[in-house]
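Student: I've just opened this one and could use a guide. Can we go through it together?

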Amino acid sequence: ISFRRSRKEKSPKGIRGRVPAVLVVEGHSPEGKSGYHDMCQGFCSQGYVTMTFDPMGQGERGTYYDRFSGNEHVVEGLRAYSAGSHMSRLFIGDGMYAVDYLISRGDVDPARICVTGNSGGGAQSLYLGALDTRIAVSIPSCFTTLDSLIVADVATHPESIYFGAFARGITNEALCAMTAPRALLI
């Protein structure tokens with residue numbers, strides 16, 4: 001994938017050379033990415049290039065109209081389960097494409113990329129930190145202690161719960177270990 005920067009796109013004031021980037025992955029929010037505006041602005045004010053995006057079923061990427069829910073993707077996730085697939089791979093793919101974009105920017109240091117998120121975004125932060133070696137630091141919040149989710153016998157929250165993962169030997173501890181020797185803050 002190649003990305004082209006628009007002519008109007010500029011680096012924030014005061015940035016010289018390449019700086020660290022933070023990818024903020026959302027948890028459940030009917031506002032999608034706009035619900036994380038303050039967090040992203042905080043990172044930007046400290047000199048980080050910051051990116052966030054709407055996950056499937058939230059904000060502008062709704063699969064059907066439900067303005068009160070940040071969980072539209074549950075319906076699509078159940079459909080994926082019934083077809084023998086898992087929707088989390090699409091969420092992980094979105095995060096990896098976001099990293100592709102970040103490293104394509106001339107103002108981002110590709111060796112200093114962080115991913116963080118809360119709840120469902122915490123799950124994605126853990127998965128991305130384990131699976132994408134371009135991520136130097138992974139900071140999952142409000143997910144890694146919830147092994148009851150990963151061993152769930154009920155198919156819910158497809159971005160967080162890899163239904164049947166425990167039977168395949170996948171645990172949160174294993175995902176945390178996969179980030180080594182890169183940094184992980186829980």
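Student: How many of the twelve residues of helix 4 are buried?

Tutor: First, this is a predicted model, where local features need pLDDT of at least 70, side-chain atom pairs count only at pLDDT 80 or more, and totals for chains, interfaces and linings use all residues. Numbering starts from 1 along each chain as its sequence is written, and side-chain values use heavy atoms, leaving out hydrogens and water. Buried means under 20% relative accessible area with a 1.4 Å probe, protein chains only, and helices are DSSP runs of H or I with at least four residues, numbered from the N terminus. Helix 4 is mostly covered, and its buried count is eleven.

Student: Which residues of helix 4 are they?

Tutor: The helix runs over residues 120-131. Its buried residues include Gly120, Gly121 and Gly122, and also Tyr127, Leu128, Gly129 and Ala130. Between those groups sit Ala123, Gln124, Ser125 and Leu126.

Student: Is Arg105 buried or exposed?

Tutor: Arg105 lies in the loop between helix 3 (88-104) and strand 3 (108-118), a strand being a DSSP run of E with at least two residues. Its relative accessible area is 8%, so Arg105 is buried.

Student: Which side chain does the side chain of Arg105 make a polar contact with?

Tutor: A polar contact is a pair of N or O atoms within 3.5 Å; within protein, one must be able to donate a hydrogen and the other to accept it, and residues adjacent in sequence count only if both atoms are side-chain atoms. For Arg105 the pair is at 2.8 Å, and the partner is the side chain of Asp107.

Terms used:
Expected span 1.5 Å × (residues − 1). Buried < 20%, exposed > 50% of the residue type's maximum accessible area, 1.4 Å probe, protein only.
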